[in-house]
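Dear colleague,

Please find below the structure that I am handing over to you, together with its sequence. My notes on what was found in it follow directly after.

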Amino acid sequence: MNLEGFSLLESPAVHTVCEGGWGLPLKQVISNERIVVLQAQLGEWDNLNHLLVCLKTKQAAVVDPFDGNYWHEVCANNGWNLTEIWLTHSHWDHTKGVKTLKSMLGGSVTVRSHAFERQRGWKEPVDEEWTHEANSNIRLNLGELTFEAHCTPGHTPGHTTFVGEGVIISGDCLFLGRCGRTDLFGGDPALQRETLRYLRGVMQQLPPAHIVLPGHQYALENGETPTTMHLETVLATNEALLAVDDDHLWASLPFLAFDDSMAEKARRQRAKSE
Ligand SMILES: [Fe+2]
């Protein structure tokens, strides 16, 4: 396994950071001379938020902030400038902290998400909307770091997966052992299947030691509950990725749709929009 240039640490190592009062402690996923990647579990739905930092320019991007004050404090304590907010998708648990950060940072921070998220009726303001097609990508810069924003619909119409600098931030598209549900308003199981085929192709071209960072910590088949995983393990074991080429296996996946209040709400929204 090629781990050169990356270190995967289990304990927090950045300067003093508030704990936020939620979930797991702040985790330093990657730290080298070029980049710091942090992960924190925040909010009632245990969202995994991620911070990317270009150490050369001290610019930082937060992906899916739940708690704006928390990430503002992390950046302030470390002398980083939070200049970017990137959204994997527009569900409330991935966007709740945006308003707070915008009110604190104003025009010095740019909020980006995909325009297709408007298809699910999302109306919150965004500074820059991507418009690239499903299952394609555009380049994203953060200081001297380079990422790709891949449009990966299925969980939502404009779900975006961020790839680069040793990480894959997969939001609610791809979890470590499975994939996101497709039965919420704007979700589409056929698109999710196409997306997973596309994303598998993208990921197969990456070094196996890249680290997958999902939007939630769900238990694996064996009961373990990691929040990070090397790409080679995800490619070899993820139930959804292993099912995409087989109609029967795909149809039998138990996590694409659920019988719960959110599914009921989505049914009402679909009926209203038709
Ligand atoms: Fe979601």
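A pocket is here an open set of grid points with protein on both sides within 12 Å along at least five of seven lines, and its lining residues have an atom within 4 Å of a point. Please bear in mind throughout that this is a predicted model.

I begin with the second largest pocket, whose volume is about 170 Å³. Its lining consists of Leu176, Gly177, Arg178, Ala219, Leu220, Glu221, Met229, Thr233, Thr237, Glu239 and Phe255.

The largest pocket has a volume of about 910 Å³. It is lined by 39 residues, of which Ser90, His91, Trp92, Asp93 and Arg120 are the closest to its centre. Helix 2, helix 3 (98–105) and helix 8 (261–273) are the elements that give two or more residues to this lining. Helix 8 gives the most, with four residues. The lining of the largest pocket comprises 17 nonpolar, ten polar and twelve charged residues.

The iron site comes next. Which residues are the protein donors of the iron ion? They are His89 (NE2), His91 (ND1), His155 (NE2) and Asp172 (OD), lying 2.2 Å from the ion. Along the chain, the donors follow the spacing H-x1-H-x63-H-x16-D. His91 lies in the loop between strand 5 (81–86) and helix 2 (92–95), and His155 in the loop between strand 9 (145–151) and strand 10 (160–164), so this pair ties together parts that are 64 residues apart in sequence. The angles among the four donor atoms run from 89 to 175°, and the site is irregular. Tetrahedral geometry would require all angles to lie between 85 and 135 degrees. Both histidines of the pair are buried: His91 has a relative accessibility of 9%, and His155 has a relative accessible area of 3%.

Is Val167 buried or exposed? Val167 is buried, because its relative accessible area is 1%, and the limit for buried is under 20%. Apart from neighbours within four places in sequence, Val167 is in contact with Ile30, Val37, Leu52, Phe147, Phe162, His210, Ile211 and Leu213. The C-alpha atoms of Val167 and Leu42 are separated by 20 Å, the two residues being 125 apart along the chain.

Asp46 has a phi near 55°, a positive value in a residue other than glycine. Asp46 is located in the loop between strand 2 (35–42) and strand 3 (47–54), and is partly exposed, with a relative accessible area of 38%. Asn135, likewise not a glycine, has a positive phi of about 60°. Asn135 belongs to the loop between strand 7 (128–130) and strand 8 (137–142).

With kind regards

Methods:
Residues are numbered from 1 along each chain as its sequence is written. This is a predicted model: local features need pLDDT of at least 70, side-chain atom pairs count only at pLDDT 80 or more; totals for chains, interfaces and linings use all residues. Side-chain values use heavy atoms; hydrogens and water are left out. Buried means under 20% relative accessible area, exposed over 50%, partly exposed in between (1.4 Å probe, protein chains only). Contact means heavy atoms within 4.5 Å. Donors are N, O and S atoms within 2.8 Å of the metal (3.2 Å for Na, K and Ca); water is not among the atoms, so sites may look incomplete. Four donors count as tetrahedral if all angles lie between 85 and 135 degrees; four count as square planar and six as octahedral if opposite donors are over 155 degrees apart and all others between 65 and 115; anything else is irregular. On a 1 Å grid over the protein atoms alone, a cavity is a set of points where a 1.4 Å probe fits but cannot get out, and a pocket is an open set with protein on both sides within 12 Å along at least five of seven lines; lining residues have an atom within 4 Å of a point. Grid points are joined across faces, edges and corners, and a volume is the space filled by probe spheres set on the points. Ala, Val, Leu, Ile, Met, Phe, Trp, Tyr, Cys and Pro count as nonpolar, Asp, Glu, Lys and Arg as charged, and the others, Gly among them, as polar.
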